[in-house]
Amino acid sequence: MITNMKKIFTLILSAFLLAGLTSCDDWLDINTNPNSPTNVTAPVHTRLPWLQYAYGYAYGNASVHTAIFAYTTASRYGGTNDAYTAWAPGTGAGPTTPYQQWFVGGACNIQDLIDKAREEGAYHYIGAAHLIHAMGFMLMLDYHGEIPYTEALSSSLTPKYDDGQTIFNGCMERLDSALVNFQKEQPATATPLSSGDSWNNGDVQKWIKLCYGLKARWLNKLSKKSSLYDPQAILDAVANGPSSNAEGTIIHHVNDASDTQGSSIIGVGDPMRTAFAFDVAAWGNAYRITKIYLDRLENPRGSGIEDPRVDRLVPSSEHWANGQKFIQRTKGLDIINDPIRQEGGPVHISYNNESKKWIAGGGEANRQNDTLYCLMQARCAMQGVTSGDGTYYDGDGNGDGTIISTGTFYTLPESQTDVCTYHEMCFIKAEVLFRQGDKEGALQAYKEGIKAHIDLMQTKLREWGEDQTNPYKRPMDQAKIDAFLNSNAIAQTSAELTMADIMGQKHIAMSFTMENWNDIRRFNYSAGNIGDFGVVYPGAERPLEFTATSIQYFPGTDKSQDNYWYRRMKHCSHEINYNVDNLRASNPNALEPDVWSTPVWWDIAE
C-alpha cells in the first residue's frame, strides 16, 4: 500500500537522519547527532545519500530478480526464486523489496529534500531529487506496469493508479526539471553537491550526462511504439550522455570491516556499503549462471574463442586432484534442455577440508556432478571477512582456505554498480543505427561498446591489483583482449553484423541490470517477429519444466503472442491487501493469474 507517506514516514526519516555524514566516503557511518534533526530541519547533504541508497537497493534487487527472465541466472531447485525459474510465479505474490525500498526509503523523502534545498538555493540537490524521482518511478513502471504516480505521494490513503504512458511522460518531465536545476549556478552560501553526493562526488557535469543517458535509455524502450519512437531524439541524447568511461555514473562499493550492521529502519539487514547485486545474489547458495549466458562468453558467435571476461563474469571454485589445488569454472545451468531441476538439482554443495572433497547434498554419490555448478556466493565483513576480498572461502577459521566461489565481477561485496555508462550508450547507438540501415555506423558503435566495457572492467581490476588471493580479481591479459577484439568472436564487418550480435554483447556488458529484461521483452525473446532482425535472443525459450500449471500464468500457445512470455511482475501484497480496488481498476488482468504475461505499456506494439 502506498498511503500518506509524508506523514507515515516522517519518524522513519527522522530516525534515518541520525546517521550523520562526515564525508562522501563515510556517509553511511552511524553516528549520534546531538541536534536530533527531523525531516524538516535535517540539512540537505544528509538527505541525498539515503535517497541514493534506497533507489540503488531497489534497482539492484529488481535487477537480480529479473536476471532470471533475461537468462543470466537460474535458481537451483528449491532455492531463492525457484518459482520464477520454473515459470510458476503464482506460488507467491510479487516481490516486495523493490517496491518497499523505493517508496518507503526513497520516494516519500524526495519532496522534503526539494523543499529544504530550495530554502538555500541548493539547485543541484533539487536536480538530483528530480532525477532520482524519475529513476524510481520508471523502475516501478518497468517492473510492475501500472502504479500510483500522480497521487502516490499525496495524502490519499488509496491513491489511484496511472497508466504507463502517464508515468513515462512524468518521468521524462522530471529529467527535464533535473537538467534545468543542474545547469543553474548555486549561490556561494548553498551546500555544495560534493558534500552529500555518493555517486558522482558532486561532479555536476556527470549528473547532466546521467540525465541524457537515461533519456537515451528510456526513449529507446519505445521501439515498439511506431508513433512515439524517435531515432534522432535517441541519438541526440546519446551524444549528450556519457562519451567515455570516465563520464559514466558508477557506484563504488567496499567490503569494510566496520560495515557490519544493516538498517532496521527500512528493513535492510545487509551491510550498507556493499554492492547491491551482492546483497541480493551472493548471500546464499541458490543462484547459478545459465548455460545461455555462459555460452555467450565461452563460444561467442560459435567462434570457439573465449571472451577474456569469462572468468571475471562467472564464478569458479577450487578443487583438489593428486594433492594439488586447481581452479574450475562453473558449468552453466541449462533450464531449457536439462532435466536437472526436475530431478531436484543442482543440489546444495559443500566442501570437506579433511577429505579435500566436495559433497553434493547429503553426500549422494549420484549427485556428485552437481558440484560442477559453482555458487555465486561471496562473503563480507558482516560474515567475518574483514579484508577487502569478498571471495567465499571454506570454513569459519578452521577451513583450509579453499575457494568455494570466486564470485563474479558484479556480485562481490566490493564490486561496483553501473548506473549509466558509456558502453550502454554505444550499444543503444548501435541498435538505432542498425534499425536505420547504417550498418557501418552500427558496427563501429558495437565494437566500441565491447571495448568500452572491457576497459571499464580492466580499470576496476587494476584498482584491485595483481596481489589478489582470488585470481579472477586480477587484471585480464591484454594480449587476450587484443586477440579477442580482432577475432571472429565479434562481428568484424558491417555485412556480417546482426541485431543478435549487438544485443548479445549488450547482454554481457549490462550483466545484472534491469535493462537486459527490458531489452529481451522489446525483442520478444526468441520469437523472431520484430522487424526483419530474425531471432535476436536465440535459446530464450520456456523451460523444460514448464507444466500445465504454468499455462494459467502464460496462456499463449505461440511464441509470437505477448502472453507466451514473462512481461511484468505481479504487484506485491501491500497493494493487493490495502489498495485492491484501484489495483483492480488499473488493468483487466491485474488480479488474474496471467498478469505475469501481460505487457507493460511500452512493451505493447502499435
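Start by selecting Thr421, which sits in the loop between strand 10 (416–420) and helix 14 (422–436). Keep in mind as you go that this is a predicted model.

Is Thr421 buried or exposed? Its relative accessibility is 4%, and anything under 20% counts as buried, so Thr421 is buried.

A polar atom of the Thr421 side chain lies 3.3 Å from the backbone nitrogen of Glu424. Next, bring up the partners of Thr421 from beyond four places in sequence: Pro242, Gly248, Ile250 and Leu456 are in contact with this residue.

For the next stop, select residues 439–464, which form helix 15, together with residues 478–485, which form helix 16. How are these two helices arranged? Their axes are 11 Å apart and they pack at an angle of about 170°. Angles over 145 degrees count as roughly antiparallel, so that word describes helix 15 and helix 16.

Colour the residues where the two helices meet. On the helix 15 side, pick Ile450, Lys451, Ile454, Gln458 and Arg462; on the helix 16 side, pick Gln478, Ile481, Phe484 and Leu485. Sorted by class, this contact has 5 nonpolar, 2 polar and 2 charged residues.

Finally, zoom out to the whole chain. You will find 20 helices and 10 strands in the protein. The radius of gyration is 23 Å, close to the 25 Å that the globule rule gives for 606 residues, so the protein is as compact as a globular protein of that length. Along the principal axes, the C-alpha atoms fill a box of roughly 70 × 55 × 50 Å.

Key:
Residues are numbered from 1 along each chain as its sequence is written. This is a predicted model: local features need pLDDT of at least 70, side-chain atom pairs count only at pLDDT 80 or more; totals for chains, interfaces and linings use all residues. Side-chain values use heavy atoms; hydrogens and water are left out. Axes are lines fitted to C-alpha atoms, for helices over the stretch in contact, and angles run from 0 to 180 degrees between N-to-C directions. Helices (H or I, at least four residues) and strands (E, at least two) are DSSP runs, numbered from the N terminus. Angles under 35 degrees count as roughly parallel, over 145 as roughly antiparallel, 65 to 115 as roughly perpendicular and the rest as oblique. Contact means heavy atoms within 4.5 Å. Ala, Val, Leu, Ile, Met, Phe, Trp, Tyr, Cys and Pro count as nonpolar, Asp, Glu, Lys and Arg as charged, and the others, Gly among them, as polar. Buried means under 20% relative accessible area, exposed over 50%, partly exposed in between (1.4 Å probe, protein chains only). A polar contact is a pair of N or O atoms within 3.5 Å; within protein, one must be able to donate a hydrogen and the other to accept it, and residues adjacent in sequence count only if both atoms are side-chain atoms. The radius of gyration is taken over C-alpha atoms; the globule rule is 2.2 Å times the number of residues to the power 0.38.
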